[in-house]
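Thank you all for making time this morning. I would like to walk you through one structure, so please have the sequence and the model open while I talk.

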Amino acid sequence: MNPPDQELTRLIEAYLDDSLAPREVARLSARLEQDKDARALYLKLSRQHAALTLWGEQQTGRAAAQPPGETIPFPSPRRTARRRWAWLAAAAGLAVATLLTWRLARPAPAMMTYAGDAVWETGTGPRADGDLARGEHVLRAGVTRFVTRAGAAVSVAAPARFRLVSADRIELSEGRLTARMQREDARLTVVSGGAEITDLGTSFGVDATQPGKAQVVVFDGEVAVKKGAGQELRLTEGQAAQASEMSVAAAKYDPEAFRDLWPLTVGIHEASETVEFLPPGPMLRPLREYRADGKLFLLPEQQKAVTDAAYAIDLSTDVTQWPDSPVSPYPLMRGHRVSSYLVFFQPVSVGKGVRRLSGEITFHQRVLAIICSDNALTATDARLGLKSADYRTPGQRRGLEEADKENYRGAQLPHDSISLTNGGHTVRFDLFVSDEREQMRIVVAAP
Amino acid sequence: MSSRPESLAHVQENFVRHILPLKGFVLSLVPQRHLADDIVQETFLTACEKAASYEPGTNFRAWIFTIARFKVLAHIKRESGRGQLLSAEATTLLLNESLEAEAPDLSEQVAALDGCVRKLARTARQAVELRYAENLGPTEIAGRMGWTVNALNVALSRARIFLRRCVEESLHPGRTC
């Protein structure tokens, strides 16, 4: 017997440990495709991996009681399955014990990421460990967000009734939900109003508040809406459809129905009342038309961009105060997968004097950078801004004020300040605004 | 196709008897535990849906392994864009050769591992337990044990060689490799 190829063994073991880079997985695949001896070695090592994995599951020995609310996947009636299961367990064979261990240790299809003020009907909702089990769930009040194991972040607003069939399938019988795919291969099908709505990447909402009907809007990417064996309707960003008993037809795009879900949909957990959210999806009005004297607007921009260059920034997780920091942060380097949000002030009219706008915004993911100087904002518009937004401000400033102005239209205008707290998840702002627009771009890590 | 209650019950009872080798088969091609669980469950659900088409007395194991094979390939094709799983072509070849070869009895291997893991040196045993009982990856295990990742990988590799020999000796005393 030839001594095993050490490099091949290393590749196979790293692959079985799920620690092989994609480039090397491709190399291993190519080797296995061409070399029968390599395949024999793979099967030998992978069978050992399988045996060790099953041994490891036995060691864990999670023979806890069946979690409440979890649906047994047997298609037979629940009570009959339980009696049969009890009989099999009494037999105490290795295969049965393994099935129980496997079944009870099997991860739930979704995990809660935001519970907030959610109130669930008794016996439904998340388990104590924060997982959301297969089966029916009824949300009586509030909003909630969970992430499925198939890569979708789903936000639901009460009152809502839905069935989590699997990690990639939800039946929505009542209520509103939005979904955002968090990675390239994420997948989700929502069944509502008699239609199947399948995500083709990346973000959409379903409104099932009218019995027997479902309104579908696409914020970003593309979805397919199909009813029975009928023709499939493809919708892209800014389009909508209504599904009913009889048909699926194009409808007017109106994201307003999902207003209370907008923040969660774009990955924001909390925000002060000084912040008004703009809907995700394409801009319905030009940027310059969003004006208010007493609040800021938050515009979700890119949701899964990859930085293509090093960008100068003003604040980061290393330099968490602006402008009162002795050092400048390192640039945001290329290759980061990010989401971006523009927070801005635009007055309705001039001459109203100096006002103070303070508050916080808390993100689900960690903030990587905040950009608030003119040049840096302009430099990142193309990559991190919305294609449908016009950011140009010829001859005008757009960033935050980093120094006091002693005589600004006859008054003192203190400088703005921002800070990053809560482990990099919360942006605190203290802005002094007057007649000019002020903007900052918040860049957050994207999964 | 709806399944009669008796054929469904037959499929369910037999499925339980074959769950260990089935999961072992899936794990050998899709090494991530949670993904293998999903595929086993999908196999079970499909077997239940098709229970009426299974002929009692025929090779049940071959039947569910065939279903599992299609599930594995479908999964590989679905996940191919992520670059973290073997190619569909490599998987197909492995599937063919896996089903042809006489696979060792997995339940005996698992039982033998109990005694063999206890024979490992303390740190090697700890690494194996963290890897397979706690399902941690090499980077995390190395961090916990205060080792470099390279050192951890070498230790795991040596432990696996020891365990293979030990299990072989337990199951076939006196046989040399």
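A:Pro323 sits in the loop between β19 (321-322) and β20 of chain A, and the peptide bond that joins A:Trp322 to A:Pro323 is cis, with an omega of about 0°. Please keep in mind throughout that this is a predicted model, and that the values I quote are computed from it. Chain A has another cis peptide bond to show you, which joins A:Ala158 and A:Pro159 with an omega of about -5°, and there the proline lies in strand β6 (residues 152-166) of chain A.

While we are on backbone geometry, let me point to two residues with a positive phi. A:Asp18 has a phi of about 60° although it is not a glycine, and you will find A:Asp18 in the loop between α1 (6-16) and α2 (22-34) of chain A. With a relative accessibility of 45%, A:Asp18 counts as partly exposed. In the other chain, B:Asn135, which is not a glycine either, has a positive phi of about 60°; its place is the loop between α6 and α7 (138-145) of chain B, and at 39% relative accessibility B:Asn135 is classed as partly exposed.

How far can we trust chain A? The mean pLDDT of chain A is 82, and 87% of the residues score at least 70. Confidence is highest in β27(A), at 94, and lowest in helix α4 (residues 78-91) of chain A, where the mean is 35. Over residues 62-105 of chain A the pLDDT is below 50, although this stretch has 75 contacts in the model beyond near neighbours in sequence. Where pLDDT is low, the predicted coordinates should not be read in detail.

Let us turn to helix α7 of chain A, which covers residues 374-384 and whose buried residues are A:Ala376, A:Leu377, A:Thr380, A:Asp381 and A:Leu384. Why do these buried residues line one face of the helix? Seen down the axis of α7(A), they fall within an arc of 150°, and so they line one face. As a general point, an α-helix has 3.6 residues a turn, so residues three or four places apart point the same way. On the other side of α7(A), A:Asn375 and A:Ala382 are exposed. What do the buried residues of α7(A) pack against? Their partners are four strands of chain A, namely β17 (305-306), β20 (337-345), β22 (367-371) and β27 (438-445).

Is A:Val367 buried or exposed? Its relative accessibility is 0%, and therefore A:Val367 counts as buried. If we leave out residues up to four places away in sequence, A:Val367 touches A:Thr317, A:Leu420, A:Gly424, A:His425, A:Val427, A:Ile442, A:Val443 and A:Val444. Another pairing to look at is A:Val367 with A:Gly423, which are 56 residues apart in sequence and 9.0 Å apart in space, taken from C-alpha to C-alpha.

Now for chain B, which has eight helices and zero strands. Of its 177 residues, 49% count as buried. Among the contacts in chain B between residues at least 6 apart in sequence, 62% join residues that are at least 24 apart.

Finally, how do the two chains meet? The contact takes 60 residues from chain B and 53 residues from chain A, and the chains bury about 5500 Å² between them, 62% of it on carbon and sulfur atoms. Between chain B and chain A there are 19 residue pairs in polar contact, counting those with both residues at pLDDT 80 or more. Which elements give two or more residues to the side of chain B that touches chain A? They are α1 (5-29), α2 (33-49), α3 (60-79), α4 (88-100), α5 (106-118), α6 (122-132) and α8 (149-171) of chain B, and α1(B) gives the most, with 13 residues. The rule for salt bridges finds eight across the interface of chain B and chain A. For a salt bridge to look at in your own viewer, take the side chains of B:Lys23 and A:Glu57, which meet at 2.7 Å, N to O.

Terms used. Residues numbered from 1 in each chain as written. Chains lettered and ligands numbered in written order. Heavy atoms only, no water. Buried < 20%, exposed > 50% of the residue type's maximum accessible area, 1.4 Å probe, protein only. Arc of directions from axis to C-beta. Contact = heavy atoms within 4.5 Å. pLDDT = per-residue confidence, 0-100. Buried area = accessible area lost by both parts, 1.4 Å probe. Salt bridge = Lys/Arg side-chain N within 4 Å of Asp/Glu carboxyl O. Polar contact = N/O pair within 3.5 Å; in protein donor to acceptor, adjacent residues only side chain to side chain.
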